[in-house]
Amino acid sequence: MLRKNRKILFAIALLLGSFSLTGCGNNKADHGKTVIELVHYKPEAVNYFEEVEKKFNESHNDIELKISSPNDAMTVLKTRFIREDNPDIIGIGGEYNYSNFIDADMLMDISDFDGLKDIKQNYLDINENLEFVPTEGIYGVPYMANAAGILYNKDMFEEHGWQIPKTWDELLTLCEDIKAAGELPFYMGYKDTWTCISPWNSAASSLTEATVCKDVNKGTTTFSKQYRTVAEQMKTLLQYGPKDFVAYSYNDACTAFARGEAAMFMIGSYAVPQIKSVNPDLNIDSFVYPASNNPEDNILTSGIDLQFCVMKDCPNKEAAYEVLRFLLEDENVQEYMDNQNSIPCKEGTFTLATMLNGMKEYIEEGKVTDFQDHFYPSEMAVDALIQTYLLDGDTDKFLKKFDEEWLRYNRDLIEKVQKYEAEH
């Protein structure tokens, strides 16, 4: 997902002024219907959205819904923002772009949207935590979440009698047992730097506070203090993967895991469709990464993969709300889940994908926290920093670099946050 330097977004905000410009116009089609345009960043779900658009327009006489699914949605959206050609609703993830859009005053406060009452509180809290500084109001409707932890070959586990680990020490013991059985515990696709982020996020979720990045911005802690155990765990697990862990890409790892060449894969639920494309019969389940030796401290990494935000200059709020209500109908929520192996942010009785069974308890109890990298600016290239550290192995050097790079790419934000803290 693309993330843009916040200075550029402030420039966009200045170009757009107070966002009272024409933007969407009156959104009236020639046939008198109110047109609502939705642009989202999930092109892999284009079939779902085409069906939703069709069903909505067949069931509504006064509103016409137009949905766009561009491949490079963030670039498309930011270009349109500069041209004062905003859509009415955007579908984006709960990450740095969302934070920037709030900071630039681009999104409508939808606190009065009645559908929010059905959204799980923990995902509303995750969104609130993404704000650079506390901002009154609610600016997104969390729709779908994903989860990251450890996928495992269920048949292989049952064949050898291996048990799901509940603590860090149990995970290491399991890895030793798998090695003793002549199997590879983990396949790692660290040639693609972004794959380093998944186990990093999972470890950080249980070993640090969800507010760690905000606390660093406030000046109350450092990453050198907060991330040491996370970094050490990443290094420890290398001995349980391929000898040359940067020789294999994400595609290589998915293929190898699908063929039974490893018992486990530290990755998000989003990898399952690709794994299944290689071996549709693979019996996959998952469990929460057990970073802590206290089982009660372990928590599932689950961030908002898709949410809907109404643009501040949308002239037809009630029509936009009607679209949101339609998207939140149980039938449509379940259809998206089935299509994308997703986790619903809405309360209700939904059927999860079977490969999430091992995480189901955490999902149902709301024992989840956001992905740490949702707070990282893309310019900082944290994934590359982690890969370099794993090759180098110098934890002190890595943590020092992490703190230095954070300051470099967040200097203006840190100044703003600390000014806010001083004033409040």
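1. Glutamate 84 lies in the loop between helix 3 (73–82) and strand 3, where helices (H or I, at least four residues) and strands (E, at least two) are DSSP runs, numbered from the N terminus. Glutamate 84 has a positive phi of about 60° although it is not a glycine. Because its relative accessibility is 32%, glutamate 84 counts as partly exposed; buried means under 20% relative accessible area, exposed over 50%, and partly exposed in between, with a 1.4 Å probe and protein chains only.

2. On the basis of the values: this is a predicted model, in which local features need pLDDT of at least 70 and side-chain atom pairs count only at pLDDT 80 or more, while totals for chains, interfaces and linings use all residues. Residues are numbered from 1 along each chain as its sequence is written, and side-chain values use heavy atoms, with hydrogens and water left out.

3. A positive phi also occurs at asparagine 341, a residue other than glycine, with a value near 55°. Asparagine 341 is found in the loop between helix 15 and strand 10, and, with a relative accessible area of 18%, asparagine 341 is buried.

4. An open sheet of six strands has the order 2-1-3-9-4-10, and its pairing is mixed; two strands pair if DSSP finds at least two bridges between them. Strand 2 (63–68) and strand 10 (343–344) stand at the edges with a single partner strand each, so one side of each is left without a neighbour in the sheet. Within this order, strand 4 and strand 9 (residues 304–310) pair in the antiparallel sense over four bridges, and methionine 144 has leucine 306 in strand 9 as its bridge partner.

5. Two helices should be read together with these strands. Helix 14 (residues 317–327) lies across strand 1 (34–40), strand 2, strand 3 (89–92), strand 4 and strand 9, and runs at about 55° to strand 1. Helix 15 (residues 330–340) packs on the sheet, where it touches strand 4, strand 9 and strand 10, and its direction makes about 35° with that of strand 4. Axes are lines fitted to C-alpha atoms, for helices over the stretch in contact, and angles run from 0 to 180 degrees between N-to-C directions.

6. Helix 15 also packs against helix 2 (residues 46–59), the two axes coming within 10 Å and crossing at roughly 160°. Helix 2 and helix 15 are therefore roughly antiparallel to each other, given that angles under 35 degrees count as roughly parallel, over 145 as roughly antiparallel, 65 to 115 as roughly perpendicular and the rest as oblique. The crossing of helix 2 past helix 15 is right-handed; a crossing is left-handed if the near helix is turned anticlockwise from the far one by less than a right angle, and right-handed if clockwise. Tyr48, Phe49, Glu51, Val52 and Lys55 in helix 2 meet Glu331, Asn332, Glu335, Tyr336 and Asn339 in helix 15, contact meaning heavy atoms within 4.5 Å.

7. Helix 11 (residues 228–236) and helix 17 (residues 382–392) pack with their axes 10 Å apart, at an angle of about 60°. That angle makes helix 11 oblique to helix 17, and their crossing is right-handed. On the side of helix 11 the contact is made by Ala231, Glu232, Met234 and Lys235, and on the side of helix 17 by Ile386, Tyr389 and Leu390.

8. Asparagine 146 lies in the loop between strand 4 (141–145) and strand 5, and counts as buried because its relative accessibility is 14%. Its side chain is joined to that of aspartate 305 by a polar contact of 3.2 Å; a polar contact is a pair of N or O atoms within 3.5 Å, and within protein one must be able to donate a hydrogen and the other to accept it, while residues adjacent in sequence count only if both atoms are side-chain atoms. Leaving aside neighbours within four places in sequence, the residues in contact with asparagine 146 include Ser269, Tyr270, Thr301, Ile343 and Phe371.

9. Strand 5 (residues 148–153) is mostly covered, with six of its six residues buried. Strand 5 pairs in the antiparallel sense with strand 6 (residues 264–268) over five bridges, and tyrosine 152 stands opposite methionine 264 in strand 6. Strand 5 also pairs in the antiparallel sense with strand 7 (residues 284–287), over four bridges; here leucine 151 stands opposite serine 286, and asparagine 153 opposite isoleucine 284. From strand 7, Ile284 and Ser286 point one way and Asp285 and Phe287 the other way, and all are buried.
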